[in-house]
Amino acid sequence: MVLVLYNDPVSPSGRSVHMTLRALGLDFEWKNVNLISSENRLPEFLKINPRGKVPALVDEDLKLAESRAIACYLCNKYATEGTKSLYPSEPEKRAIVDQMLYSGEWMWEEIYIGYLRVRWVLYYGELPWFHNTDGVREALKYLDDRLKENAYMAGNHLTIADLFAHTTIRFLDMLDFDEYSNYPHMKAWMDKIEALDYYDECNNGKIDKVKEKYQALIKERQKQ
Ligand SMILES: N[C@@H](CCC(=O)N[C@@H](CS)C(=O)NCC(=O)O)C(=O)O
């Protein structure tokens, strides 16, 4: 069995899948798909994911897109006694993990589309919606309230929901967001995720180049 991950490390959802692979202790082959040079639109990648989005996973005959579906699949297929709590099989516990994975899509929309507008800035020379921080703050407050009651997103132990929520929030680093201290429970949880032994390998420095380009494009656009 050779798992193949098609990914660009700038992708938050791709990094969550990378962390899931590491949390499960799985080996895999990495195929880089550079989004800035549009490698995701190349015919060979469109055969893997016709939507042209990363991440995508190939596991023998299975070609799978959608990061959350990939993470669930990896846990369903490869979790062991020691790692099964990442995506618990008891329906009630799993339902809460699923709830947090789905609400992660809402947070992603608030941050990526409603505020940072990363795709529009990078590809179409537009500006972020700097004024539009209400949705971001609402999402962070939702997390902070939740983490007041729970050590992790879905209870008292780490699940894949944490690995997704964290990369989504950290994407705010694109604009050097610095309000984390207003959400102390969330901040304490972020520190725990960042202490995971596979965290650095999957995340550190991964958005630096694209962040530089993103911020330079914004400055250029503001001069016009
Ligand atoms: N819902 C999808 C979103 C995938 C997605 O939008 N990926 C972005 C990177 S984070 C991408 O590939 N963008 C390239 C493009 O849209 O051209 C998932 O969770 O996998």
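The C-alpha centres of domain 1 and domain 2 lie 19 Å apart. The protein chain is divided into domain 1 (3-82) and domain 2 (85-223), with bounds that come from an automatic or database domain assignment. The model is predicted, so that local features need pLDDT of at least 70 and side-chain atom pairs count only at pLDDT 80 or more, whereas totals for chains, interfaces and linings use all residues. Residues are numbered from 1 along each chain as its sequence is written.

The contact between the domains takes 17 residues from domain 1 and 16 residues from domain 2; two residues are in contact if their C-beta atoms, placed from the backbone, lie within 7 Å. On the side of domain 1 that touches domain 2, α1 and α3 each supply at least two residues, and α1 gives the most, with 8 residues. Helices (H or I, at least four residues) and strands (E, at least two) are DSSP runs, numbered from the N terminus. By class, this side of domain 1 has 11 nonpolar, 3 polar and 3 charged residues. Ala, Val, Leu, Ile, Met, Phe, Trp, Tyr, Cys and Pro count as nonpolar, Asp, Glu, Lys and Arg as charged, and the others, Gly among them, as polar.

Two backbone features were noted. The peptide bond from valine 54 to proline 55 is cis, with omega near 0°, and proline 55 lies in the loop between α2 (43-46) and β3 (56-59). Serine 38, in the loop between β2 (29-32) and α2, has a positive phi of about 60° although it is not a glycine. Most residues other than glycine have a negative phi, and most peptide bonds are trans.

The axes of helix α4 (residues 91-116) and helix α6 (residues 134-149) come within 9 Å and cross at roughly 155°. Axes are lines fitted to C-alpha atoms, for helices over the stretch in contact, and angles run from 0 to 180 degrees between N-to-C directions. The two helices are therefore roughly antiparallel (angles over 145 degrees). Their contact involves Met107, Glu110, Ile111, Gly114 and Tyr115 of α4 and Gly135, Val136 and Ala139 of α6, divided into 5 nonpolar, 2 polar and 1 charged.

Key: Angles under 35 degrees count as roughly parallel, over 145 as roughly antiparallel, 65 to 115 as roughly perpendicular and the rest as oblique.
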